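Open the model in your viewer and keep the sequence panel beside it. The tour goes from one selection to the next and says what is there.

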Amino acid sequence: MSGLLTQVIRRQALMMMPRRNESAFLMAGPPVNKVTNKEKFIALTLFLGVPMLYPIYIMSNLQKYNGSNLSYEQHESPAVPHHIHTTPVLPLTEKIPSSCHILIAGGGIIGQSVAYHLSEIGIKDIVLIEKSKLASGATWQSSGQGMHIQNTLIQTHLTKYSRQLYEKLEKEGHDIGFVQKSSIWVAQTSDRLHTLKRQYAIIKSLGINCDILNLEKIKEKLPILDPHEIWGGLWVKDDFMVDPIPLALTFAKLAIDKGVKIIEDCYVKEILTEKQRAGQYDRVTSVVTSQGDVKCDVFINCTGLWARELGYRSSPGVRIPTQACEYMCLKTKPIANFPKDCPIVHNPDERFYIQPLVDQSVLIGGFLRESKPIFSNGVPENFNYSLLPDNWDDFHWILNNAIKRLPILGTSEYETLITGADSFTPDGLLIMNESAEIDNYFVASGTNGHGIAVAGGVGKFIAELIHTGNTDLSTWPIDIRRFMRLHTNKRFLKDRLREIPGKQYSLKYPTYGMSLYRTGRKLRVSPLHPKLQAAGAVFGEVLGYERPLFFNLDEFEKRENVDDLSKQGTFGKARWFNIVKREYNVCRKGVAIIDMTSFTKYELKSANRSVVDFLQMLCANNIDKPIGTVIHTGMLNEQGGYENDCSVIRLDDYHFLIISPTSQSTRSMKWLKSHVPEDGSVFLSDVTSLYTALNVIGPKAKYLLSELSDENFNDFARMTCREIDVGFVSHIYAMRLTHTGEDGFMLYIPSEYALCVYEQLMEQGKDYGIINAGYFAQRTLRIERMFAFWGQDIDKKTTPFDLNREFRVSFDKEFIGKAALLKQKNEGIQKRFIQFLLEDHDIDLDPWPWSGEPIYRNGEFCGFVTSTAYGFTLGKQVCLGYVHAPEGEKITTNYIRGATYEIDIATKRFKARPNLYQPSEMGPTVQLSTP
């Protein structure tokens, strides 16, 4: 048994009296009167006579006593060495003012970064309130580690900016403990090494100093590592460390210097609002605090662990899906012979990390596959400068792995186990942006253990958003509007959050835009779900909606959900390749049914032309077309970027249906409500659940439908809508489009009739060889046709000119974003949506692209891939993405065609042929629509 383990076990059993350690904070062990003599005797007997059973007894019996009463002196973090970096003395405000322009709730690292950045851009009259003391929550527990390997590109950008800012502050004389501290991620499997190579390709293209290491190079940089089973690793030189408390208080001091008022021991009781736009949405007017009412124009919720609960203290409530989860790390005493230049080490396969500290002590931490959500009924109000009871039951697995891999740790001396809490989200990504429910109510929370790394960037982007209404980069992956109300349900959060912290170390296999979580599933299903499941559907989830990815037939055993698919993930040719190929071919040559019920559907009505005028102003395309016309259009922001990409169907003179991507549900409703006429003349309703949407796709679709309906499908024009009967069912909206470019019909069926219609289509379709098809086949079709999809290929920074969609813009009318588009038309574009075909890619031997791969033009990085699929008609890997021109240059046809391109897949570059337009091999496009 190693020295460290022995110390841990002895300390667990024999530490009976509270005492002060070297760092001057109180560490309490089990009180004497709680540990019985019998328990002491059993522990000592096992320790001396049966050592193998001793730790089991300690973990299961005495752990309940340890860490039951922990208290710490102010500003003394348990995770970092103390008294090394000075903390600024702050001239705090004692009494809260009666009014201000911006009120920030939350005095942790995020709230103080927001206050600092707002003051830096010249915004005045800012107040920050903290219910306890500044930086006394998750910031106080933090180890100060900043790593560039993040779950999304935007979070890597936030981290990169944070690093630059922290280094700048240190150089300006602020003692925040910034040091460049490189990290090494080691791989014990080929799949892990592939993952690290993918991550390397991405962050390297952003100018972050990093390298892929073979085993010999790892030994050179990390001689204390046991090299057994190590395949290689990733070295990130630009990772860093800071001291969290001095950093947070430096933000506070600099903000105070520019006029920000900061008040401690003041909490929010209620956020008051008033109705806007004929009661369609609300706006912040004032905040009721424990020290009095404050009128304000903008409210920012940066309360971390308490953000979700604070969200309910308004009317309407703001849905913030965060949940506190437990995390653990052990701090050793300084290790005399520990290498001073040792980097931070991450071993995701053994689920641990070590972080060397400035005094040569070491933090040992990690993430188990299943975590413990805590405080489901609310975070205690006094959970400041506080930790949770020690959890040796779980942590000993992490500790054992760390000592096995770095044996030097086994000889070190144990100081403390830190069992803390941080806020996590249902997808493991940050939450920020303006809320969907209340105007001028902003949220920045759910840092998933990365608060220090992203804090600088979050503060910058929130400040930009409030100041200008826009940000430099698209923040959609971390936008709070990517969630729905169901995601804030505490039972859902408790279930889902069991797997989120551990996913930080899980292999990131391709999911092609769909969620493969095990928990929180089957929340939203179409009426056909049981039928499709019985037919062998393998489901993915998007915004809580179960959607068939493909259908298992005879190739292999039917499976109930995609957990089995994700367990057997691959970075190469997928197991479902031949299944999707079959579905794809039927969609192109026969007839298939794709359940697309999850698409968001809005109904808009008015008694007069109000709804027409409203949509004409919102939509870039002309929607004032004859009844029955389907118009594909973007809804743009003032900068000309897409806020929504949708199909608008005119059902009557003043009656419209809007179809949008599933992920757009919350975001689209916010956009529509924020622009409805003040007089209340437009009625707006989400009717997603009222209709089941079936995509009857393929050249034989019209023949099948003609056998079940009296409608003449031969003269059913493209991009039009009719109300038809199918079999026994009436009042079905049929539209001649498929969102893929193939011929066919979208049927919007009242949900209570969906099963009847589906069964009749499948029965009558037997003569036509009808099959069920899934999302993967539909996705392949639209990528081959070069159809961009909102949320994957399109965001708020993308304009119609960038997409070559100016033909869907009517410049002869007024609409939001028109001025920006006219300006771009005159000045030219700096990025262009391109389809790439990989020329030298072997689908059986080479790794596959699946979005996020860097694109190189003439050897220089120029953009990222946004969507990919293997093109069964084109016979090549197809990648969609953007080519960006350097500053001062513009994109032209010659600019694109007069260059050579490569796409980097996990450090291997493949030649790529660019297509500006849909390839001729696909044949004529029979529609011009994809929502």
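**Stop 1: a covered strand and its partners**

Select strand β29, residues 642-652: ten of its eleven residues are buried, so the strand is mostly covered (buried means under 20% relative accessible area, exposed over 50% and partly exposed in between, with a 1.4 Å probe and protein chains only). Helices (H or I, at least four residues) and strands (E, at least two) are DSSP runs numbered from the N terminus. The model is a predicted one, in which local features need pLDDT of at least 70 and side-chain atom pairs count only at pLDDT 80 or more, while totals for chains, interfaces and linings use all residues. Residues are numbered from 1 along each chain as its sequence is written, and side-chain values use heavy atoms, with hydrogens and water left out.

Two strands count as paired if DSSP finds at least two bridges between them. Look for Gly634, which stands opposite Asp645 in β29. The hairpin of β28 and β29 has five residues between the strands, and there Gly640 takes a positive phi near 85°.

Next select strand β30, residues 655-660, which pairs with β29 in the antiparallel sense over five bridges. This hairpin has two residues between its strands. Asp652 has His655 in β30 as its bridge partner.

**Stop 2: the barrel**

Which strands close into a barrel, and in what order? There are six, in the order β37-β40-β39-β38-β41-β42, with antiparallel pairing. Neighbouring strands of this sheet are turned by 40° against each other on average, direction ignored. Axes here are lines fitted to C-alpha atoms, for helices over the stretch in contact, and angles run from 0 to 180 degrees between N-to-C directions.

Zoom in on β41 (residues 901-905) and β42 (residues 908-915), which run antiparallel and are joined by five bridges. Ile903 stands opposite Phe910 in β42. Then show helix α7, residues 190-205, which packs on the sheet and touches β38, β39 and β41 (contact means heavy atoms within 4.5 Å). The direction of α7 makes about 55° with that of β38. Helix α21, residues 775-784, also packs on the sheet, touching β37, β39 and β40, and its direction makes about 130° with that of β39.

**Stop 3: helix α4 and two other helices**

Select helix α4 (residues 109-120) and helix α9 (residues 244-257), which pack at an angle of about 30° with their axes 8 Å apart. That makes α4 roughly parallel to α9. Angles under 35 degrees count as roughly parallel, over 145 as roughly antiparallel, 65 to 115 as roughly perpendicular and the rest as oblique. On the α4 side the contact includes Ile109 and Tyr116, and on the α9 side Leu247 and Phe251 are among the residues.

**Stop 4: a glycine in a loop**

Finish at Gly520, in the loop between α13 and α14. Is Gly520 buried or exposed? At 8% relative accessibility, Gly520 counts as buried. Show Phe492, Asp495 and Arg496, which Gly520 touches, not counting residues up to four places away in sequence. Gly520 and Arg496 are 24 residues apart in sequence and 5.3 Å apart in space, C-alpha to C-alpha.
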